[in-house]
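Dear colleague,

I am passing on to you the structure below, and I would be glad if you kept it open while reading the notes that follow.

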Amino acid sequence: MTITIYHNPDCGTSRNTLAMIRQSGEEPEIVEYLKNPPARDTLISLIKAMGITPRALLREKGTPYATLDLANPKWSDDELIDFMIAHPILINRPIVVSPKGVKLCRPSEAVLDLLAVADIGQFVKEDGEVVSPRTPGARAG
């Protein structure tokens, strides 16, 4: 199974997601999107595949979101995409692409729906939160 993660190594959620993918036995293609931003057509394809709007992909925290007045409804989808291309930090992360779909994996355990082996056993996030194994009949803990 081929998996791609649009990853920011400075983001805990992104690091947790990458670790979960690896714990499932997969070694994903890693795209550090701040160093290698997606082309406009790729970004549009990802947004469509996730079934969200460009506005839903915008990241506010730690970005020029407020400075650029991106909360203002005057911006069209095309304009918001232009902002994300110009300022890749505005793209929320991590985005994971797998044969099972494309998803913004916030929280990181959302990636389990995209893995061939969703039962990765117990996983402890960097902040100490425990993600219970995902097996039939297992209860969330």
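Just after H2, Gly51 adopts a positive phi of about 70°. Please bear in mind throughout that this is a predicted model.

Within helix H2, which spans residues 40-50, the residues Leu43, Leu46, Ile47 and Met50 are buried. Because they cover an arc of only 95° around the axis, they sit on the same side of H2. In general, an α-helix has 3.6 residues a turn, so residues three or four places apart point the same way. Asp41 and Lys48, by contrast, are exposed and belong to the face of H2 that is turned away from its buried side. The buried residues of H2 pack against strand S1 (4-7), H3, H4, strand S3 (95-98) and strand S4 (101-104).

**The sheet**

The 4 strands make up an open sheet with mixed pairing, in the order S2-S1-S3-S4. Its edge strands, each pairing on one side only, are strand S2 (29-32) and S4, and the twist from one strand to the next averages 15°. S3 and S4 run antiparallel and are joined by 4 bridges, with Val97 standing opposite Val102 in S4. Helix H1 (residues 12-23) lies across S1, S2 and S3, and runs at about 160° to S1.

**Tyr65**

Tyr65 lies in the loop between helix H3 (54-57) and helix H4 (77-86); with a relative accessible area of 11%, Tyr65 is under the 20% cut-off and therefore counts as buried. Among the residues that Tyr65 touches are Arg55, Leu70 and Leu90.

Methods:
Residues are numbered from 1 along each chain as its sequence is written. This is a predicted model: local features need pLDDT of at least 70, side-chain atom pairs count only at pLDDT 80 or more; totals for chains, interfaces and linings use all residues. Side-chain values use heavy atoms; hydrogens and water are left out. Helices (H or I, at least four residues) and strands (E, at least two) are DSSP runs, numbered from the N terminus. Buried means under 20% relative accessible area, exposed over 50%, partly exposed in between (1.4 Å probe, protein chains only). Contact means heavy atoms within 4.5 Å. The arc is that of the directions from the helix axis to the C-beta atoms. Two strands pair if DSSP finds at least two bridges between them. Axes are lines fitted to C-alpha atoms, for helices over the stretch in contact, and angles run from 0 to 180 degrees between N-to-C directions.
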